[in-house]
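The notes follow in the order I checked them.

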Amino acid sequence: MHLPTLIERKRDGGSLTTEEIRHVITAFTAGDMPEYQMSALAMAILLRGMSTEEVAALTEAMLYSGSTLTWPADAPMRVDKHSTGGIGDKTSLIIAPLLACDGLWVPMISGRGLGITGGTLDKLDSIPGFRTQMSEPEIRRVIAKLGCVMVGQTADICPADKKLYALRDVTGTVPSIPLITASILCKKLAEGLNRLVLDVKFGSGAFMKTEAAAHELAQSMVQTGRALGVRASVRLSRMDEPTGEAAGNALEVAEAVRCLKGGGPADLEAIVIDLCAAVSISSREQLVEMLHSGKAWEKFQLMVAAQGGEVSALERMGEIHRAPVIHEVKARTSGRITQMDARAIGQAVLELGAGRAKASDSIDYAVGCDQIAKTGRQISAGETLIRIHARTKTAAETAEVMIRQGICVE
Ligand code: URA
């Protein structure tokens, strides 16, 4: 196959066959297709789009570029959820153990923070000793014992995606619905799932700014999942304000622990139950009861122990990772909170050091925000709107200026 001809055809709005897409991905993974040709093709896909058949072929080719997790024929149903990323989104930490309590297997492969959005792996890394890099036999062992495991992508899973994602990141080709669909789904399908729920976010703190764009991505993922034999369902959720009341790695683990013990913020618990109900065989009431009974909390502690983490640290995350400066931002006037902008808070948390500007940056687990007041609440002048955890006084003051720009009290 002549690669320039395929690139030209896509550039001119034509379609690629399944065979051609397989050839491209095989050649690219093996290093036989140079990055400049793959970059040109990715840009042609971004500008011209792909049909459902093409996206399914691309997803499948990327899925089989490496190894996949396989399970015994009599294994319980495998389920997972994927979020397109948000601020304060710690739902995975609660969902994996809760679904495992329901008799399902949850082989959750997660990612690191991207842009202003936090990553599950970075949150887990704040638990002393916790290992997110595990071999496939280890993953299988923990799943068979507990029903859930939370790990990073292994070197053997979807190598084509790893290579293509790195290229897209530097060639302006990230925001393409076919490429995003294939990238997300190939990694999830590599888990050997039966059911998947997708939490597609839209709003100021999400990659998809509008509900229409989120809907388009959701449709693409559901159709592609269906074409490849996985029942995928979608929850569209607003990301105009952070999820829950904390954003920042250790602060979010502390809040997840609170939720696992049945005392988490109402909006966080509501999202968790919605997402679990989409893939579970239990009713919402049963899931709430399971969460409040402490079973999911017990399961989470067992999973942390199985992955080398210090269980006794879970209830002391605030002491273990204590930022030197804890600064309260107070309301200047009384009224109703009408805006608590996720983007402003996400950007401030990133700049406090909770995220990365480049892949090699290290992360400060202690910094971030908590006690984030929710929109709709009546607040009096002098009450706390949000608390900033920072390394220095200057960093806290800079964060306050950024965050105040996104707060509205009327
Ligand atoms: N997350 C992924 O894994 N891939 C994308 O393309 C976008 C978000």
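I listed the lining of the largest cavity in this predicted model. The residues are L16, I21, V24, I25, M38, L41, A42, I45, M50, L58, L164 and L179. By class I counted 12 nonpolar residues in that lining, with no polar and no charged ones.

I then looked up which helices contribute to the lining. Helix 2 (18-30) and helix 3 (35-48) each give at least two residues. Helix 3 gives the most, with 4 residues.

For volume, I noted about 70 Å³ in the largest cavity. The structure holds 1 cavity of 30 Å³ or more.

Next I turned to the ligand. I found Y165, R168, I180, S183, I184 and K187 around it. This shell divides into 3 nonpolar, 1 polar and 2 charged residues. Helix 8 (159-169) and helix 9 (177-189) each supply at least two of the shell residues, and helix 9 has the largest share, 4 residues.

For R168, a side-chain N or O atom is 2.9 Å from an oxygen atom of the ligand. For K187, a polar side-chain atom lies 2.5 Å from a ligand oxygen.

Last, I looked up how far the ligand is covered. Taken alone the ligand exposes 240 Å², and the protein buries 85% of that.

Note on methods
Residues are numbered from 1 along each chain as its sequence is written. This is a predicted model: local features need pLDDT of at least 70, side-chain atom pairs count only at pLDDT 80 or more; totals for chains, interfaces and linings use all residues. Side-chain values use heavy atoms; hydrogens and water are left out. A residue is near a molecule or strand if one of its heavy atoms lies within 4 Å of it. A polar contact is a pair of N or O atoms within 3.5 Å; within protein, one must be able to donate a hydrogen and the other to accept it, and residues adjacent in sequence count only if both atoms are side-chain atoms. Accessible areas come from the Shrake-Rupley method with a 1.4 Å probe; for residues, only the protein chains shown count as cover. Ala, Val, Leu, Ile, Met, Phe, Trp, Tyr, Cys and Pro count as nonpolar, Asp, Glu, Lys and Arg as charged, and the others, Gly among them, as polar. On a 1 Å grid over the protein atoms alone, a cavity is a set of points where a 1.4 Å probe fits but cannot get out, and a pocket is an open set with protein on both sides within 12 Å along at least five of seven lines; lining residues have an atom within 4 Å of a point. Grid points are joined across faces, edges and corners, and a volume is the space filled by probe spheres set on the points.
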